[in-house]
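Subject: Structure handover

Hello,

Here is the structure we talked about. Please open it first, then read the notes below.

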Amino acid sequence: MAEALFRELVRGSGDYEVVSAGVAAMRGQSASKHTVDVLAAEGIDLSGFKSQPVTKKLVDEVTHIFAMGLHHLAAIEADHPEASDKVFLITEFTPEDELRGRDIVDPFGMGRPAYEELRQMLAQVLPSVKAYIDTTWNSGEAAES
């Protein structure tokens, strides 16, 4: 969901390439039904989405990595210590005090209301992710998430 929402947020605003990967993801899985439905209501089509795990190649290629939770951030840094300077918590830059530094909980196995709540939380924090990238990255190069 974060990938799709961020892709929409940066559409037409620079040279972004947006990808997602999971620390425990299996390659090739589709997005959950609730994720597809919640994003379809926003006009975002995830029918072609396929999951991928975090790999060394991917970590080496990207400019920024935004983890959904501190345990994800710690796992990425443990497996890829050379990338620690480009790994951030997705809520790290939000101006919202109640969200800053907070984990974004995976709603897998929960009902649709949990997915709606996730969408709302991401809508609040993703603009600060974009602002961070826009103010710290060389605009002549692609930025990735």
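A nonpolar core is a set of buried Ala, Val, Leu, Ile, Met, Phe, Trp, Tyr and Cys residues joined through side-chain atoms within 4.5 Å. Buried means under 20% relative accessible area, exposed over 50%, and partly exposed in between (1.4 Å probe, protein chains only).

The model is predicted: local features need pLDDT of at least 70, side-chain atom pairs count only at pLDDT 80 or more, and totals for chains, interfaces and linings use all residues. Residues are numbered from 1 along each chain as its sequence is written, and side-chain values use heavy atoms, with hydrogens and water left out.

The cores come first. The largest has 26 residues, and M1, F6, I90 and L122 touch the most other members. Helices α1 (2-10), α2 (33-40) and α5 each supply at least two of its residues. Helix α5 gives the most, eight residues. (Helices are DSSP runs of H or I, at least four residues; strands are runs of E, at least two; both are numbered from the N terminus.) Another core lies apart, with ten residues, including V59 and I76.

I90 has contacts (heavy atoms within 4.5 Å) with A2, F66 and L122, among others, not counting residues up to four places away in sequence.

Now the rings. Five aromatic pairs are present. In one, F93 and Y132 have ring centres 4.0 Å apart and planes at 10 degrees, so they are stacked. This pair links distant parts of the chain, 39 residues apart: F93 is in the loop between β3 (87-89) and α5 (112-136), Y132 in helix α5. Rings of Phe, Tyr and Trp (its six-membered ring) pair if their centres lie within 6.5 Å; planes under 30 degrees apart count as stacked, over 60 as edge-to-face, the rest as tilted. F66, F88, F93 and Y132 form one aromatic cluster.

Best wishes
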